[in-house]
Structure formats: structure tokens, C-alpha cells
Amino acid sequence: MSDSRSLSPADLATTVVFAAFIAVLGLFPGINAGSSGVPIVLQNVGPILAACLLGARRGTAATALFLALTAIGLPLLSGGRGGIAPFFGPGGGFLLGWLLSALVAGLVVARLKRRTLPVLLLAGVAGAAADYLVGVPFLGLYTEDLWSAAVQSLVYVPGDAIKVAGAAVVAATVHRALPNRMAGAAT
Amino acid sequence: MIEFEGVGHRYGDRVVLDRVDLRVTERRVAFVGSNGSGKSTLARTINGLIRPTAGRVLVDGLDPARDGRAVRRRVGFVFANPDSQIVMPTAGEDVAFSLRRSGMSKRERAERSIEVLAEYGLGGYADHPAHLLSDGQKQLLALCSTLVLEPAVLVCDEPTTLLDLRNKRRFVELLHTLDQQIVMVTHDLDLLAGFDRVIVLDAGRVVADDAPGPALHHYRDLAG
Amino acid sequence: MTGGWYEPGTSPLHRAPAGVKLLVLLALAATVLVLHSPFLLGGVCAVIALGYASARVTPRRCLRLAVTLTLLVAFVFTIQGLLLGPAAALTICLRLVAAFSAAELFTVTTRVDAVVDTVENALRPLRRFGVRPDRVGLTVGLTLQAIAALTTIAAEVRQAAIARNAAFSVKALVVPFLIRTLRHSDELGQALAVRGDDDRP
């Protein structure tokens, strides 16, 4: 791959465009899932999707850029939230955890090489689990009790499970749709 | 038959459509106008992609604002960029995706898709990755995925924007062989040979409504 | 730079350097994590409230913050009250309120470009690891343009999904969106290469 000290134009472009992709997943109203009509905001699987398509390095870079832009005050989180405050709230660790999420999901895809639904599902589950690995201890700083922080975080598990499954289906479809493009992309 | 009754649309203060009244029964109809004339918005009210903020639209007596699903089964829509509407990885699967609620078995859907692809010049491409098709073929695929549902009306919004001259001509020739009523949105006057009626829009109003010759004369005057 | 949540003003908090404010914020967050007494934590919250008053944050903004905090506290207090008891839940909630509202005060009183400048300065020592601080501004601008472009694409894709009577299909909404996103990134990469933005200093 390219020299780690330079960022190629293609790398810069994918980083920028996929940071924007994560933002638009949150800004865009009406990405609904299921016929229930309940809007499901897919933003938190954005980093996993980015990593499954771009690989660990570029997926994580896009996620980092997105988080940085949010932190400097752009209202890019779902619901138009932004600024540094969301990083200090109870979910702050889950936001920072997106970095580990993208890294882990990207590494799983790279390691298993094939881009089939089971592989992408595994990558998604591992990525989501990595997010909890950061999010729960962070919340534990406030509660001084890891167990209670874990229980509080259970609320998000059902929604995340559905979203990860959806993201894996989407990623598998895109990989099948653009078979040549992805070869060697995941590093 | 498509009826527009006092159709208006505004985004905040900006008036996009201003009381449009039309009855469209001709088989080949074009909405012509410059960028921002409201032609695309008007076309999108036909299948409920955009809801008028005033007046109403009726397609064979059905209001797309109320019976959107039923109207969209009658009205197929082809977009400028086929990448927006191609969902599935291969051409055959994408056509079959349109049939997912048809009650057909998976095998029947696949067979029907192969037939439709062959009918419109994509014979043998059923298992071909959709996004490795040429731009012209992709637009044909978008057309196949729409026509497989046998709509009564086909709305095409600048369908040849991304096509080269040869593919553009082929696409338009193909459109003329279809049984469907066609509503074509365009600012490309080359597409309008053989059309029955051309409706020229400017700043959200109908400024000419005639056979192609006189209507286009008016449009050229407007363009200065 | 537009679109931020900054509110213009001339108060001392507005004029303080972004880097200093950020360090104070981090110190404050660390402090509330070691405090246990509800009175001390309440005191910290009161000081932050004074900060809001001195920065003349608009009532509308304060109301929005109050709504967010109320929902947050209701959720956390209920769960942690059941798990750890009301006293501990109160401490946790006061810590959250203090850290969250102090962080929000930073965003309200600090211009986005001031933050960008601070980030550029802070990254300067990382040059030797390939970080290019001078490209921070460029990257922010490019991302905002990309957001605008992808918003248009997302709207088109959504209309196409509706036109195929697939408005509730995640596949129909997200797959074409991702494919067009990938194409957009290819085009941007080529545009940047043509402009020579890969030149090294």
C-alpha cells in the first residue's frame, strides 16, 4: 500500500466522502426500517458500513474525521446534535467507540477475505461489540460501577442488533454489486 | 388520463409550480423548460414523489397523495441517473426485485426477468453485475425494472442526460416502440420528434401547450 | 464556516482562547468524576450556570439544553436509582449535568474556525508522523461540500425507492446510496489528483 506518511488524493477523497456519508445517515430523515414506520437512525452503523466497504484504515479515518467535525461544533449527529457536549454525556464513550468499531469491523473483513453475508455479519457484530467495550467503561466513570453501566447500556442492544443485521445485508449487496472495486481495498 | 387541477407547489417562499391546470390524454407528451422551470416537480407529482401544496393530481381518477402505492403501480418512473434506482447486484435480480410482491415464485420471477431483459436489448445479461454495464445499458436496465410491472404510464425525467449520442438515440427509439403513455421531462429538444404534445413551463407556469413545432418555437423565443 | 452551533457574543468567555477553554473543560470533567458530595457537585453546576449567564446565552438555547438534560436525567436517574439507589443516582446525574452543560458552553462560545486553528496548532508536533495540520481547513471544507452533495444524492435515491414502491426497504434506500457515494468519492479523488493536492510540502 501507499506510504503511510502521505495521504493520496484517493484516500483523502474516500475519508472525506465517507465522513459525509456518516453525517448524511444521521441528517437524512426517513431512512426507515421495516413496515412499522418507526424511523431507525442508521448513523451508528455508519462506521461499520464504512469499514466493511473501505477496510479498517480508511473506514477508521472517515469515522475519526466525522467525530472531529462533530466535536468542533458542526451539528452532524442524528437529531442535529453536535459540539463537544455529546462526548461528555453518558453516550460519549459510545461515540468514541465508533473508532474501535470501524477498526475491528475492518480487520475482521480483511482477515476473512471473503465478503459474504456471514463474514460481514460477523464483522458487524464484532464492530458493535467493540463499541460497547469503550462505551460501557466510559459510562462506568460516571457511575463508578461497571455493572450498572452495563445494565443501562442494554437498552441499546435490540436496536443495534437489528441495525447491524441490516448493515451486513447492505454491505454484502454492495460487495456483490461492485465485485472488482473491493479487491485489495481492505487493508 | 392524467389531470392536474390547480396544482401548486412551494418550498417556503419560493413558488415552484403556480396553479397548473392540464388534462393529459395523448400517448407522447413532453414537459419542456429550462432548469428551475418546475417541469421535474410537475412530473414528480404524477406518482406522488412530490405532493402539491395546492390543488390535486388525478391519474385515472386516483389521487397519488392518497393512493400512492396504487398510482405507482400504474406509473413507472425512470430517473436521470440509473444508479439511483438500481438496487440489486445483477441485472436479473434487479428486474426481479420489482416483482417481489407479485405473488410469483422466485423461479417465475427470474424467468420473467430474463424475458423482459431480452425484450429490451439486454438478452444474456441477467447474471451480469448491474454496475458493470455501460451507462446506456444501465438506463435500459432501469427501464426493464420499471416495465416489468407493465405500468400504463411511463414518466422519464431527463433519461438521456448521462448517455452519449448513439445511446441516446437508441433509448428514444426504444421509447417510441412502447405501448405505454409516455411523459418525458427534458430540455433536450432532439428527443421530441414524434411527440403528440409539448408543454413548455417557465417559472412554474405553463407558457405554451401545443404540437412540437409551435411549442418549441415558443420555447426558443423564451430562451432568447 | 457556517452550520456550527456557535452563538456570537463579546463576553469574556467568548474572547478566551479556545485552547484554554478546552483545557479548563477537561479539568472540570475530571474534577466532577472524583467529587462525590451532591453539595460540591451542585456548586459546580451553579458556577456553570453563572457561565451561561455571563455569556448571555439565548433563552431559546438554554431551553433546548434544559429539555435535553431533563430527558437525560430522567433516563439515567430511573435506571441508576433502581440499580445503585437514589443517593448514587443523584451524584451520577449531577456529574452528567455538570460535564454536559460545561461542554455545551464551550461549543456555544467558541467559533468553529477558532477550534480549527487550535487543532492545527495542537497537531503541529505530529507533523513528523505524516499529519498535515495545514490541511485541516481544506478537509473541513471538502467534507461540508461532500455533505451537500450526498444530501442531494440521498434525496434522489429516496425518491427512486418510493417510485419502486420500496420506501421501507433498507436495501433499496441504502445500497444505491452507498454505490453513488463510492462513485462520488472516485470522482472527488480524481478531481483532487488533477488539482495536484497530493503535492508534498
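Chain A exposes about 6,900 Å² of surface, and carbon and sulfur atoms supply 71% of that area; accessible areas here come from the Shrake-Rupley method with a 1.4 Å probe, and for residues only the protein chains shown count as cover. Keep in mind that this is a predicted model, in which local features need pLDDT of at least 70, side-chain atom pairs count only at pLDDT 80 or more, and totals for chains, interfaces and linings use all residues. Residues are numbered from 1 along each chain as its sequence is written, chains are lettered from A and ligands numbered from 1 in the order in which they are written, and side-chain values use heavy atoms, with hydrogens and water left out.

Let us stay with chain A for a moment. Its secondary structure consists of eight helices and zero strands, where helices (H or I, at least four residues) and strands (E, at least two) are DSSP runs numbered from the N terminus. Along the sequence this reads as α-α-α-α-α-α-α-α. Of the 187 residues in chain A, 59% are buried, meaning under 20% relative accessible area, with exposed set at over 50% and partly exposed in between (1.4 Å probe, protein chains only). As for contacts (heavy atoms within 4.5 Å), among those in chain A with a separation of 6 or more, 66% join residues 24 or more positions apart.

Now turn to the interface of chain A and chain C. The contact takes 68 residues from chain A and 65 residues from chain C. Between them the two chains bury about 5,600 Å², 78% of it on carbon and sulfur atoms; buried area is the accessible area (1.4 Å probe) that two parts lose on being put together, summed over both. Ile72(A), Phe88(A) and Tyr142(A) supply 12% of the area that chain A buries against chain C, more than any other three residues.

What polar features accompany this interface? The rule finds six residue pairs in polar contact across it, both residues at pLDDT 80 or more. A polar contact is a pair of N or O atoms within 3.5 Å; within protein, one must be able to donate a hydrogen and the other to accept it, and residues adjacent in sequence count only if both atoms are side-chain atoms. The count of salt bridges between chain A and chain C is one, a salt bridge being a side-chain nitrogen of Lys or Arg within 4 Å of a carboxyl oxygen of Asp or Glu. Arg95(C) forms it with Glu144(A), the closest N and O atoms being 2.8 Å apart.

Several helices of chain A give two or more residues to the side that touches chain C, including α2 (46-54), α6 (117-143) and α8 (157-177). The most comes from α1(A), with 15 residues.

Pro89(B), His131(B) and Leu132(B) supply 70% of the area that chain B buries against chain A, more than any other three residues. A salt bridge joins Arg176(A) to Glu93(B), with the closest N and O atoms 2.8 Å apart.

Finally, look at Ala89(C), which sits in helix α5 (residues 86-109) of chain C. Ala89(C) counts as buried because its relative accessibility is 0%. Leaving aside residues up to four places away in sequence, Ala89(C) touches Phe77(C), Gln80(C) and Gly81(C).
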